[in-house]
Every structure is written in structure tokens, then in C-alpha cells.
Amino acid sequence: FFNVFFSAGDEEDKSKAAGSEGERRGVKRQRDEKDEHGRAYYEFREEAYNSRSKSPPPPEEEPREGEDDESVVILDTYTSDLHFRASKDRYGGQPLFFEKFPSLWSGARSTHGVTKGKVCFEAKVTQYLPLKEGSPEVPLFRVGWSVDFSCSQLGEDEFSYGYDGRGLKVENGQFEEFGEPFGENDVVGCFADFEAEEEAVELSFAKNGAALGPAFRVGKAALAGRALLPHVLCRGCAVELNFGQKDEPFFPAPDGFVFIHALPAEDRVRTPLPPKTTEECEVFFLVGLPGFFKTQWAQTHTFFYRDKRYFFLGTEAVLHQFFLSG
């Protein structure tokens, strides 16, 4: 006879082994995901991932030229809408995203303004940009004068005066019939006369050389010495400006009027130059729940620190530029 002895520890180990083996019985083994799908599945998934639509690369921005030259009057890309694409010479431009957003307004002002004399400039609608077939949108153009710090929507706030292509004039958001409609290939002359009246500035317009008469009278006391700057606002069209840099104007200026580019440098008012380095810039990024006054805080901050010229990036600001007022 052989006596076999097991220690208590050995018996416990055996019972555990038997128990664990029993627990595994009747339990389906978890299969790896790779075992459940064949090669065709993974080829399809990879193809679907690679074929997903991606955001198009941003268009190459034209290099800035002449914006730090005090002697040149051009469009100011520092204060323009971010979605306004100025031409390389800064004497024209068009909306940047006209194909996807044909109803989006985009505007820009000039680098220089005036506070005296009889000054003019010209704006030509060179092209209606192509729209998708069946699109109900109608290209429009608005041109005129505004002061620095006014919004880019010409004529829709204080000290902003525009002539709209629908045959309307607009000031502080109020539209009235004026002149006649204009469109593609038409040239609009814009005139600011600081000498017509002692207490007011007279703003008038012309279409293709034909005078349309005075549109606005702006009190000099209300302007308080602020300069009036040429201002354009585009919707689905491209424009070309003549500040006096052309050898010959589109149409002769009325007697006594001088193109703004031809004025002596001391008679022009230059808007502030843009920052030269990113170290001079300042960015605020607000994150929070809806209804926690983020937009209100940002608008208040940009208003009280207007000299820093913040660009307010938000849904509300962009949606406002889709509206067709008047």
C-alpha cells in the first residue's frame, strides 16, 4: 500500500483549478474583431475613410503691397472683412466665398480719408461672379463714405453713407429711393464736398458720368473732425476702384473736385497701420455654456477697446452679413 498525502495547500490549489475550469465551461470565447470580418470589410472601411469629403485648402492670400506707404491710397485689408479678397494691387476686390455663400456681403474701406476740400473717387462693377445654376441670389454693390470704426455693412450704422445698386441710398440703416439702379460694367462716381456749406458736408454721386445730385448732408459738428473714407460693399460681384492712380479716369471729375490719391499727403488722414508681428496681436477665446453672456461680453469688450481693433468672430456677426436690408 502506498499512502499519498496532500498538504492543505495542494488540495486548495486543485480545487481552485477545478473551479476555474468549471467556470469556463459553457462560456462562449470572445472572438477578436479581426476574426469576425474578412479582408473585404477592411478594404471597404479604408476606402470609405479616405474618400470622405474634406475641407478645401484655403486660397493663397495675395501678399500685402504698399500698405505701409503713406503716399499710396489703396484698400485697407487690416480693417476690411476677413472674407473680402482684395486684388494684389489693392485697387479692387471681391467676396472670398461667393461660390458657397453668394448672399454674403463683404466690404472694405480705403487706407486714407479726408476732412476738407472737394474730393472724389470712382468704383466700377467689373463682373457679376458666376453663381450655381438656378440660384435665386442677385449680385449687388454698395459704395460711399464712412468713418473709421464704423461697421463694414456700409450705411447700416451711424456716420456711414452708401449708394445701393437697387437705386437706394442708405444712412444709419434707413433706405430711401435715390438716383437709379446700377450694375455690371457701370461706374459710380462718389463726391465729398466740404466747401459747399459752412456747417455741413455734401455727399453726391454720379452714374457713368451723369450727376445724380446730392444724397446726404452731414453736419461737420457731428463728424467732430473725423475723416470720411471711401467704402465699398460687395455681394456676388467684383469691383475696381480709381482713387486717382489711373492715368485717365473712367469719367472726368466735376470742376473743382480732386481724386483722393492726388491730394497732398498732409491733406489726407491715414488710418492706423496693422501690427507688424504676431507679438503685437491679442486674442481672446471664450468657451462656455449657451446663455452665459459670452457674446455680450465680447461685444462690450470690443466696443470699449476699439483702438485695439478686435475682429469679432461669431455666428451672430456672420449671420448679420447675410441679410438683405432695404
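Reply: Glutamate 197 has a relative accessibility of 29% and therefore counts as partly exposed. The model discussed here is a predicted one. The side chain of glutamate 197 meets that of arginine 217 in a salt bridge, with 2.6 Å from N to O. This pair links distant parts of the chain: glutamate 197 belongs to the loop between β10 (187-193) and β11 (200-207), whereas arginine 217 belongs to strand β12 (residues 210-219), and 20 residues separate the two. Arginine 217 has a relative accessible area of 51% and is therefore classed as exposed, since the exposed class begins over 50%.

A second pair is formed by glutamate 282 and lysine 308, whose side chains meet in a salt bridge at 3.4 Å, N to O. Glutamate 282 counts as partly exposed because its relative accessibility is 40%. Lysine 308, at 40% relative accessibility, is likewise partly exposed.

Arginine 142 forms a salt bridge with aspartate 164, and their closest N and O atoms are 2.9 Å apart. Arginine 142 is in strand β6 and aspartate 164 in strand β7 (residues 160-164), so that distant parts of the chain, 22 residues apart, are linked. Here both partners, arginine 142 and aspartate 164, are buried. They also take part in a network of salt bridges that links Arg142, Glu156, Asp164 and Arg166. In total, the count of salt bridges comes to 11.

The structure holds 1 cavity of 30 Å³ or more, and about 30 Å³ of space lies in the largest cavity. Its lining consists of Val125, Tyr128, Pro139, Leu140, Phe141, Gly165, Phe182 and Gly183. Strands β5 (118-128) and β6 (140-146) each supply at least two residues of this lining. By class, the lining residues comprise 6 nonpolar and 2 polar, with no charged residue.

Notes. Residues numbered from 1 in each chain as written. Predicted model: local features only at pLDDT ≥ 70, side-chain atom pairs only at ≥ 80, totals over all residues. Heavy atoms only, no water. 1 Å grid on protein atoms, 1.4 Å probe; cavity = no way out; pocket = protein on both sides within 12 Å on 5 of 7 lines; lining within 4 Å. Points joined across faces, edges and corners; volume = space filled by probe spheres on them. Helix = DSSP H or I, 4+ residues; strand = E, 2+ residues; numbered from the N terminus. Nonpolar A, V, L, I, M, F, W, Y, C, P; charged D, E, K, R; others polar. Salt bridge = Lys/Arg side-chain N within 4 Å of Asp/Glu carboxyl O. Buried < 20%, exposed > 50% of the residue type's maximum accessible area, 1.4 Å probe, protein only.
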